[in-house]
Amino acid sequence: MDSRLPLLTVETVIFPGLVLPIPVTDVQGRAVVRDLVENGGELACGAVAVRDGYELGDRVFRSLYGTGCAATISEITLEAGDEAPVEITLTGNRRFKVDQLDSSGDYLIADVEWLPEELGEDPLGTATIAVERFRRYAAAVTEISRPGLHIGSLPDDPSTLSYLMSAAMTLQTPDRQKLLEAEDTTSRLVHLVGLLDAELAAIAALPSLPDDEMSWSTMHPN
């Protein structure tokens with residue numbers, strides 16, 4: 001995969017293996033989709049979450065996180081040249097860190113450093129703990145919210161599992177970003193256990209939370 005990617009700025013964090021529909025409402029994002037379609041070949045781009053942003057006159061300024069996920073576009077629901085919002089389906093592939101940004105064109109292009117997928121010290125043992133907490137979390141959410149979070153069999157691979165659970169939980173962007181940036185699989189699973197414990201404690205204290213409807217995230221194994 002090329003180490004120079006056109007960037008889509010998105011409102012959520014894309015994880016490896018995650019398949020997610022994304023609305024593209026800004027001019028730069030539509031230009032990325034348009035050029036990828038016109039150039040043919042694999043519709044590959046980088047997806048980076050927005051940290052914060054503001055408008056000044058008719059211009060939009062956005063602060064971006066420095067770590068993102070390469071993704072391929074598998075579906076476009078509107079023509080890329082249309083001025084209306086475009087909805088695309090992204091499949092996350094590999095994590096990267098942005099080394100340098102080129103803003104001279106119609107959209108941002110990033111030179112990226114690919115991040116390795118290290119397992120860490122105890123991925124299997126930590127995964128066992130994380131799965132137990134995750135099943136409790138899913139059961140608690142299903143009990144208080146409809147349609148709830150219904151899960152079946154979970155992957156055996158700890159890395160795939162860590163991304164699957166990261167995508168399935170309802171989290172704020174900073175927490176999702178920390179999971180994406182985790183140094184290795186074990187560290188990500190440890191962080192997930194902490195987040196799951198916090199969510200379970202919150203649900204026990206306030207049974208009406210969380211109030212968002214949740215559904216099982218679609219994952220695509222890489």
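**Notes on the predicted model**

1. A search of the whole structure turns up zero disulfides, a disulfide being a pair of cysteine sulfur atoms within 2.5 Å. Cys45 is in no disulfide, and the nearest cysteine sulfur, that of Cys69, is 9.6 Å away. Cys45 is buried at a relative accessible area of 1%, and Cys69 is buried at 0%. Here buried means under 20% relative accessible area, exposed means over 50%, and partly exposed lies in between (1.4 Å probe, protein chains only).

2. A word on the ground rules. This is a predicted model, in which local features need pLDDT of at least 70 and side-chain atom pairs count only at pLDDT 80 or more, while totals for chains, interfaces and linings use all residues. Residues are numbered from 1 along each chain as its sequence is written, and side-chain values use heavy atoms, with hydrogens and water left out.

3. Next, confidence. pLDDT is the predictor's confidence in each residue, on a scale from 0 to 100. The chain has a mean pLDDT of 86, with 85% of its residues at 70 or more. A contact means heavy atoms within 4.5 Å. Where pLDDT is low, the predicted coordinates should not be read in detail.

4. Now the overall layout. The chain holds five helices and seven strands, taken as DSSP runs numbered from the N terminus (helices H or I, at least four residues; strands E, at least two). From the N terminus, the order is β-β-α-β-β-β-β-β-α-α-α-α. Of the 222 residues, 45% count as buried. Among contacts between residues at least 6 apart in sequence, 69% join residues at least 24 apart. The chain exposes about 11500 Å², of which carbon and sulfur atoms supply 49%; this area comes from the Shrake-Rupley method with a 1.4 Å probe, and for residues only the protein chains shown count as cover.

5. Which residue of β7 is the bridge partner of Phe96? That partner is Trp114. The model has three aromatic pairs, where rings of Phe, Tyr and Trp (its six-membered ring) pair if their centres lie within 6.5 Å, with planes under 30 degrees apart called stacked, over 60 edge-to-face and the rest tilted. Phe96 and Trp114 make an edge-to-face pair, 6.2 Å centre to centre with 85° between the planes. Phe96 lies in β6 and Trp114 in β7, so the pair ties together parts that are 18 residues apart in sequence. Both Phe96 and Trp114 are buried.

6. Six of its seven residues are buried, so β1 is largely enclosed by the rest of the structure. Three bridges join β1 to β7 in an antiparallel arrangement, and the bridge partner of Pro6 is Ile109 in β7.

7. Thr72 counts as buried, with a relative accessible area of 17%. Beyond its neighbours within four places in sequence, Thr72 is in contact with Glu42, Leu43, Ala44, Thr89, Leu90, Thr91 and Asn93.

8. Finally, a loop residue. Leu119 sits in the loop between β7 and α2 (123-144) and is partly exposed, at 41% relative accessibility. Where residues up to four places away are not counted, Leu119 touches Asp184, Thr185 and Thr186. The C-alpha atoms of Leu119 and Thr186 are separated by 6.1 Å, although these residues are 67 apart along the chain.

Key
Pairing = 2+ DSSP bridges.
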